[in-house]
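Reader: I have just opened this structure and would like to learn how to read it. Could you walk me through a few features?

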Amino acid sequence: MKCKLKLVSSLEKVFFNECTGVNEMKLAVYIGKKEAETDKGLLDLLDSLRAGGCELELVSGAVCPDADMLVSVGGDGTFLSSAVLAAERGLPVVGVNLGR
């Protein structure tokens, strides 16, 4: 669990301290498994993104047309599925691995 928390901290640092304009981004969030929606690390990350000014939209089958980036939450299969969705619009994908 410590590694996951370090990853979240590093990701937050990139989003909030090293990038300009990220706080105005609209992020599409693709969560692979329903039970992942209650993962504390994920909830903390989403709360931090919202607090930083990001607009979040949960997506399942299609990416919202005005999204700037897709955040994929799950394992390898989830990332591959979300990459297909993102490729249709040319969006960058950030993966959050909740797998083993």
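Reader: Which side chain does Lys-26 meet in a salt bridge?

Author: A salt bridge is a side-chain nitrogen of Lys or Arg within 4 Å of a carboxyl oxygen of Asp or Glu. Here the side chain of Lys-26 meets that of Glu-55, at 3.6 Å from N to O. This is a predicted model, where local features need pLDDT of at least 70 and side-chain atom pairs count only at pLDDT 80 or more, while totals for chains, interfaces and linings use all residues. Residues are numbered from 1 along each chain as its sequence is written, and side-chain values use heavy atoms, with hydrogens and water left out.

Reader: Is Lys-26 buried or exposed?

Author: Buried means under 20% relative accessible area, exposed over 50%, and partly exposed in between (1.4 Å probe, protein chains only). Lys-26 is buried at 11%, whereas Glu-55 is partly exposed at 45%.

Reader: How many salt bridges are there in the whole structure?

Author: A search finds 5. Among them is the one between Lys-40 and Asp-44, whose closest N and O atoms are 2.9 Å apart. These two residues sit 4 residues apart in helix H2 (residues 40–51), so about one helical turn separates them. Lys-40 is exposed, at 56%, and Asp-44 is partly exposed, at 30%. Asp-47 and Arg-50 form another, at 3.5 Å from N to O; both lie in helix H2, 3 residues apart. Salt bridges that share partners also join Lys-26, Glu-55, Glu-57 and Asp-66 into one network.

Reader: In what order do the strands of the sheet lie?

Author: Two strands pair if DSSP finds at least two bridges between them. In this open sheet, 4 strands follow the order E2-E1-E3-E4, with parallel pairing. E2 and strand E4 (93–97) are at the edges with a single partner strand each, so one side of each has no neighbour in the sheet. E1 and E2 pair over 5 bridges, and Tyr-30 stands opposite Val-59 in E2.
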